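Trainee: I have a model open and would like to learn how to read its features with you. Where shall we start?

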Amino acid sequence: MEPFRIKAVEPIPFPGPDERRAALVAAGYNLFRVPSRLITIDLLTDSGTAAMSAAQWSALLSGDESYAGARSFERFEVVVQELTGYSEVLPVHQGRAAERILLHALLGLGDLCVSNTHFDSTRASVEAAGAHALDLPAPVEDDVADPFGGDIDTKALRELLAGTSGPRVRCVVLTVTNNANGGQPVSLPNIVATRNLCDKYGIPLYLDASRFAENAYLITERDPAHAKSTPREVAHAMFELADGCWASLKKDGIANIGGLIALRDAPLADRLREQVIAFEGFPTYGGLAGRDLEALAQGLIEVTDADYLRYRAESARWFGEQLGLAGLPVLQPTGCHAVYADAGLLLDHIPAQQLPATAFANELYLAGGVRVCELGTLVFGRRDPGGGADLPAPRELVRFALPRRVYTASHLEYVVDVTEEVCAKAEALRGYRIARQGGAMRQFTATLEPL
Ligand SMILES: *Cc1c(COP(=O)(O)O)cnc(C)c1O
């Protein structure tokens with residue numbers, strides 16, 4: 001059960017079927033463009049959507065809004081130093097600001113950045129620096145539920161580093177948990193093996209630590225060697241193995257805005273601070289209010305609580321089981337921040353170019369005002385440079401993200417009911433074509449037409 005009781009409530013909207021249809025048409029059939037006042041249950045993302053605790057709300061009032069050297073920064077800095085063991089702490093307004101600043105300092109034209117999987121904003125920053133982002137996820141064996149499906153392929157990494165492209169590799173990034181790959185955790189032995197390779201070739205290892213606490217908890221659950229460790233101890237061990245990290249604190253900061261860079265290299269940190277000044281703000285606030293730093297400091301303490309993390313993992317597991325019973329092919333094992341399902345298997349009569357994952361997500365909205373996120377060809381498909389049809393994504397996934405401490409089990413039961421309704425009429429669903437699209441991250445703004 002939820003390890004908290006509810007102190008403040010917010011009503012949720014119940015638009016009728018006609019209103020939902022009109023909203024979807026007006027949005028160009030793109031759920032990112034539907035206003036939240038027309039959404040009943042919003043599982044679009046776990047980013048910035050958390051409910052803060054009473055302790056966080058009360059910390060807000062002690063925010064010190066001084067421009068330079070605020071007390072709130074000192075509190076934030078100490079909490080991050082104790083959590084990570086890194087001496088240098090730079091707050092920024094959100095994760096992508098951290099990526100832009102750090103990756104531009106590490107990478108230049110023609111360099112390689114290697115990761116278990118780059119998150120989409122990470123990839124965008126690598127490419128903006130003129131470098132190339134290479135994903136080396138550990139190979140998946142079909143039909144085997146891998147407890148550490150977020151690992152990097154260390155064999156491929158070793159070959160890359162030993163080969164002719166080796167000298168171009170300037171940075172290795174482990175995204176924990178591996179969001180783009182089903183939210184699966186990276187194991188400690190995998191981080192150790194990556195560290196050893198980085199040491200051998202003199203390459204820095206950074207963690208994209210946006211979901212560090214969920215990764216640490218899943219290690220305590222899935223690795224018998226750490227069954228007796230606390231999530232905080234495991235998190236500490238993860239950070240210890242890297243040279244530094246960045247994070248979107250809109251995830252495991254359990255707050256609505258924020259990000260950070262933390263590292264050991266003091267001269268590099270000084271160079272990064274100059275960029276923070278240019279793009280974010282004075283280095284003791286980095287684009288955040290003092291009260292945000294207070295809420296984040298408290299959130300970073302609460303997020304490693306084992307009861308909270310167990311609830312998070314168990315509710316995702318239960319929700320995944322229920323969605324499976326409703327007829328949806330759910331990816332196993334489930335992680336913490338979301339349940340992923342393969343809409344391509346359910347809607348195998350719709351070809352990838354006709355966006356089956358979008359077809360499923362849109363139907364879920366029409367049927368019950370539930371918003372989920374497509375992670376199929378609209379997001380990961382590549383446009384054919386020759387002007388032909390899109391090159392399809394590897395899988396047509398939909399993600400049911402779980403905002404932290406926001407929805408109860410009965411809200412999720414409602415989502416299961418709506419899903420069952422949509423699965424029952426799967427054969428009748430039709431695909432979409434893209435009517436208008438932008439460049440990078442087209443999913444946010446594209447408009448579609450039903451076929
Ligand atoms: C959200 C996220 C980011 C980007 O952070 P923003 O706060 O959205 O800018 C980077 N990496 C991962 C793994 C994320 O989940």
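Trainee: Let's take E302: is this residue buried or exposed?

Mentor: Happy to start there, keeping in mind that this is a predicted model. Buried means under 20% relative accessible area. E302 has a relative accessible area of 16%, so it counts as buried.

Trainee: In which helix does E302 lie?

Mentor: E302 belongs to helix α11, which covers residues 290-302. Its side chain makes a polar contact of 2.9 Å with the side chain of Q298.

Trainee: And which residues is E302 in contact with, leaving aside its neighbours within four places in sequence?

Mentor: The contacts of E302 are then S53, A55, Q56, I254, Y308 and R405.

Trainee: What is the relative accessible area of R405?

Mentor: For R405 the value is 15%, so this residue is buried. Its backbone is worth checking too: R405 has a positive phi of about 65 degrees, although it is not a glycine.

Trainee: Which other residue has a positive phi although it is not a glycine?

Mentor: L355 is one, with a phi of about 55 degrees. You will find L355 in the loop between α13 (343-346) and α14 (356-368). With a relative accessible area of 1%, L355 is buried.

Trainee: While we are on the backbone, which peptide bonds are cis?

Mentor: The bond from V176 to T177 is cis, with omega near -20 degrees, and T177 sits in the loop between β5 (169-175) and α7 (188-201). The bond from Q332 to P333 is cis as well, with omega near -10 degrees. P333 is in the loop between α12 and β9 (338-342).

Trainee: Back to charges. How many salt bridges does a search of the whole structure find?

Mentor: The search finds 21. One of them pairs R291 with E65, with 3.4 Å between the closest N and O atoms. R291 lies in helix α11 and E65 in the loop between α2 (54-60) and α3 (71-84), so the pair ties together parts that are 226 residues apart in sequence. R291 is partly exposed at 42% relative accessible area, and E65 is partly exposed too, at 44%.

Trainee: How far apart are the closest N and O atoms of R312 and E214?

Mentor: They are 2.7 Å apart, in another salt bridge. Here R312 is in helix α12 and E214 is in helix α8 (residues 212-222), 98 residues apart. R312 is buried, with a relative accessible area of 3%, and E214 is buried at 1%.

Trainee: Which residues do salt bridges that share partners join into one network?

Mentor: To read a network, follow the shared partners from pair to pair. Here R312 and E214 are joined with D46, R211, D252 and R404. Within that group, the side chains of D252 and R404 meet in a salt bridge of 3.2 Å, N to O.

Trainee: Now the domains: how is the protein chain divided?

Mentor: Domain 1 takes in 17-39 + 305-450, and domain 2 takes in 54-302. Their centres, taken over C-alpha atoms, are separated by 27 Å. The contact involves 23 residues from domain 1 and 28 residues from domain 2.

Trainee: What area is buried between domain 1 and domain 2?

Mentor: About 2,000 Å², with carbon and sulfur atoms giving 54% of that area. On the domain 1 side, L309, P333 and R404 supply 28% of the area buried against domain 2, more than any other three residues.

Methods. Residues are numbered from 1 along each chain as its sequence is written. This is a predicted model: local features need pLDDT of at least 70, side-chain atom pairs count only at pLDDT 80 or more; totals for chains, interfaces and linings use all residues. Side-chain values use heavy atoms; hydrogens and water are left out. Domain bounds come from an automatic or database domain assignment. Contact means heavy atoms within 4.5 Å. Buried area is the accessible area (1.4 Å probe) that two parts lose on being put together, summed over both. A salt bridge is a side-chain nitrogen of Lys or Arg within 4 Å of a carboxyl oxygen of Asp or Glu. Helices (H or I, at least four residues) and strands (E, at least two) are DSSP runs, numbered from the N terminus. Buried means under 20% relative accessible area, exposed over 50%, partly exposed in between (1.4 Å probe, protein chains only). A polar contact is a pair of N or O atoms within 3.5 Å; within protein, one must be able to donate a hydrogen and the other to accept it, and residues adjacent in sequence count only if both atoms are side-chain atoms.
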